[in-house]
Amino acid sequence: VSQGGMSNILHITDLPGVFALFGSNVKLAEALNVGPSTVSEMKRRNSIPVEYWPALVEAAKSKGVPEQS
């Protein structure tokens, strides 16, 4: 969807962008069905384990981020 040349599609290009999309550890934790301390540890390690990717993709899509291939 475009408006005046600007796209409404969100693009995540790095891990900090993933965390920023959700706005808080609590919101990302809810999306991944984990505790906020688990999200804090993911941030500290700069890594989201692969077992959380499917839930992360679904939650991101609900926020307007298209699925990437």
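Biologist: At roughly what angle do the axes of helix α1 and helix α4 cross?

Modeller: This is a predicted model, in which local features need pLDDT of at least 70, side-chain atom pairs count only at pLDDT 80 or more, and totals for chains, interfaces and linings use all residues. Residues are numbered from 1 along each chain as its sequence is written, and side-chain values use heavy atoms, with hydrogens and water left out. Helix α1 covers residues 15–22 and helix α4 residues 53–62; their axes (lines fitted to C-alpha atoms, for helices over the stretch in contact, with angles from 0 to 180 degrees between N-to-C directions) come within 11 Å and cross at roughly 55 degrees.

Biologist: Is Leu21 buried or exposed?

Modeller: Leu21 belongs to helix α1. Buried means under 20% relative accessible area, exposed over 50%, and partly exposed in between (1.4 Å probe, protein chains only). Because its relative accessibility is 19%, Leu21 counts as buried.

Biologist: How are α2 and α3 oriented to each other?

Modeller: The axes of α2 (residues 25–32) and α3 (residues 36–45) come within 8 Å and cross at roughly 105 degrees. Angles under 35 degrees count as roughly parallel, over 145 as roughly antiparallel, 65 to 115 as roughly perpendicular and the rest as oblique. The two helices, α2 and α3, are therefore roughly perpendicular.

Biologist: Which residues of α3 make the contact with α2?

Modeller: On the α2 side, the contact involves Asn25, Val26, Leu28, Ala29 and Leu32. The α3 side consists of Pro36, Val39, Ser40, Met42 and Lys43.

Biologist: In what order do the elements of the protein run?

Modeller: Helices (H or I, at least four residues) and strands (E, at least two) are DSSP runs, numbered from the N terminus. The protein has four helices and two strands. From the N terminus on, the order is β-β-α-α-α-α.

Biologist: What percentage of the residues of the protein count as buried?

Modeller: The protein has 69 residues.

How values were computed: Contact = heavy atoms within 4.5 Å.
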